[in-house]
Amino acid sequence: MKKVKIFTTKTCPYCYEAKDYLKSHSIDFEEVDLTSDQKAAAALVQKTGHTSVPQIQIGNEFIIGFDR
């Protein structure tokens with residue numbers, strides 16, 4: 001199974017929804033809180049060209065935003 005990583009901020013309601021969705025489907029993931037990690041935030045913008053959250057990385061692919 002490909003590794004799942006979710007990039008979030010503490011004030012983003014969609015981030016909480018996305019994490020709850022992953023948990024409810026028993027999908028293991030690593031969370032990166034961009035609120036406190038400016039280097040990770042800058043690197044993410046370089047990779048995807050987007051500043052919005054959540055961003056979900058599955059392997060080398062990114063999903064921008066969250067919609068069930």
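These legends describe close-up views of a predicted model. Local features need pLDDT of at least 70, side-chain atom pairs count only at pLDDT 80 or more, and totals for chains, interfaces and linings use all residues. Residues are numbered from 1 along each chain as its sequence is written, and side-chain values use heavy atoms, with hydrogens and water left out.

**View 1. Gln 57 in strand β3.** Gln 57 sits in strand β3, residues 55–58. Strands are DSSP runs of E with at least two residues, helices are runs of H or I with at least four, and both are numbered from the N terminus. Gln 57 is buried, at 11% relative accessible area. Buried means under 20%, exposed over 50%, and partly exposed in between (1.4 Å probe, protein chains only). A polar atom of the Gln 57 side chain lies 3.0 Å from the backbone oxygen of Gly 59. Leaving out residues up to four places away in sequence, Gln 57 touches Lys 3, Val 4, Lys 5, Phe 7 and Phe 62. Contact means heavy atoms within 4.5 Å.

**View 2. Thr 48 in helix α2.** Helix α2 spans residues 38–48 and includes Thr 48. Thr 48 is buried, with 19% relative accessibility. The side chains of Thr 48 and Gln 55 make a polar contact at 3.1 Å. Such a contact is a pair of N or O atoms within 3.5 Å; within protein, one must be able to donate a hydrogen and the other to accept it, and residues adjacent in sequence count only if both atoms are side-chain atoms.

**View 3. Tyr 21 and Phe 66.** The structure holds 2 aromatic pairs. In the pair of Tyr 21 and Phe 66, ring centres are 5.6 Å apart and the planes stand at 55 degrees, so the pair is tilted. Rings of Phe, Tyr and Trp (its six-membered ring) pair if their centres lie within 6.5 Å; planes under 30 degrees apart count as stacked, over 60 as edge-to-face and the rest as tilted. Tyr 21 is partly exposed at 26%, while Phe 66 is buried at 18%.

**View 4. Lys 3 and Glu 30.** The whole structure has 3 salt bridges. A salt bridge is a side-chain nitrogen of Lys or Arg within 4 Å of a carboxyl oxygen of Asp or Glu. Lys 3 forms one with Glu 30, with the closest N and O atoms 3.2 Å apart. Lys 3 is in the segment before β1 (4–8) and Glu 30 in strand β2 (residues 30–33), 27 residues apart.

**View 5. Glu 31 and Lys 19.** A salt bridge joins Glu 31 and Lys 19, their closest N and O atoms being 3.0 Å apart. Lys 19 is buried at 11%.
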